[in-house]
Amino acid sequence: MTEFEKVIDFNNLYKAYRKAKSGKGYKKSAARFNVMALDGINSLIQQLKDKTYRISDYHEFKVYEPKERIIKTTSFKDKVVQHSLCDNVLLPKLQEVFLYDNCAGQKGKGTLFGLDRLSDQMRAFYGRYEKSGYILKCDISKFFYNISHEQLKDMVDFYFSYDPDICWLINLFIDSTEGKGLPLGNQINQGLALLYLDGMDKLITGELGIEFYGRYMDDFYLIHPSKEYLKYCLEVIAEFLKTLDLTLNEKTQIFPFKNGVNYLGFHTYITSNGRAIRKLKNQNKRNAQRKYLKMAKLVASGRLSKDKFNASYNAWKNHISHGNCYNLSVAMDKRIKEEMNEFKE
């Protein structure tokens, strides 16, 4: 079975349909597809086989947390195809070529994996150099919005040239919007964005020889005993990114290892006895306090159900449980109870 045949296999598309159906949103387009689900899948198979499959117009909306962004989502049928493509071909293949410390959007990885890898690396660095070192923390300016379609398609062709049908399908999604950039909100674009910087990962850990390195999408760090060498690395990385039509933003800087580093919402640092401590970033703490105190007032006034509040608040508490945030959690519980007259855990 070729890679493309895996994507259009009825059982794989049916699994993808079930997965898409269980997700949020897509109620109207899902309902239309559900009326004749089996026929819908067979129709997709035929369209993909004869290359008449086309991607529907995107639905566009804004989100404001953690910052304002434009999200574009595909129709239900396109979501089904993406699930089958990503789960059966794209991500399994890319996981074989990605660096281990490329942490986002892969099975068995995510923010907690990235945070744990950072803690492991900082402890290992401290064991060798104590605190006499530096961290280069990098962030790319408007990463998703500046990805070059042509360069990305060249990368896809390099890894999937053995199956032209897969290249056709992936490139169809890449070209589903005009100009530069990939829409935020597409499953396939998460994997393709990871691929876009794979060459940089290998430059940093290969040619530059950086041992302590990690990346979560466009947020990455390098740890090294020499500040001067990190300055050189920064110059090389900036030049490499120019070839991808990308630039580093003003958050990029070099600072002493002893100061710790902000990464994936937490500030991680090493104590004098070599212990890794992970605290919620101050800005994230303030944002959460604002958000949940406002929601608590809505519950107290009857404009928001306790169930909806609890779902969001408990998810946040689970997130901060990955750090050393016990006192923050207790303090937030107390303030929430004060706002919500009858609120109980």
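This is a predicted model: local features need pLDDT of at least 70, side-chain atom pairs count only at pLDDT 80 or more; totals for chains, interfaces and linings use all residues.
Residues are numbered from 1 along each chain as its sequence is written. Local features need pLDDT of at least 70, side-chain atom pairs count only at pLDDT 80 or more, totals for chains, interfaces and linings use all residues, and side-chain values use heavy atoms, without hydrogens and water.

**The helix pair**

Helices (H or I, at least four residues) and strands (E, at least two) are DSSP runs, numbered from the N terminus. The axes of H2 and H4 come within 10 Å and cross at roughly 125°.

| Helix | Range | Residues in the contact |
|---|---|---|
| H2 | residues 10-22 | Phe10, Leu13, Tyr14, Tyr17 |
| H4 | residues 37-49 | Ala37, Leu38, Ile41, Asn42, Ile45 |

**Threonine 271**

Threonine 271 sits in the loop between strand E8 (266-270) and strand E9 (276-280). Its side chain makes a polar contact of 2.3 Å with the side chain of asparagine 273. Such a contact is a pair of N or O atoms within 3.5 Å; within protein, one must be able to donate a hydrogen and the other to accept it, and residues adjacent in sequence count only if both atoms are side-chain atoms. Leaving out residues up to four places away in sequence, threonine 271 touches Tyr126, Lys131 and Ile277.

**Aspartate 120**

Aspartate 120 lies in helix H6 (residues 111-129). Its relative accessible area is 36%, so it is partly exposed, between buried (under 20%) and exposed (over 50%), with a 1.4 Å probe and protein chains only. Tyrosine 326 is 206 residues apart from aspartate 120 along the chain, and their C-alpha atoms are separated by 21 Å.

Terms used
Contact means heavy atoms within 4.5 Å. Axes are lines fitted to C-alpha atoms, for helices over the stretch in contact, and angles run from 0 to 180 degrees between N-to-C directions.
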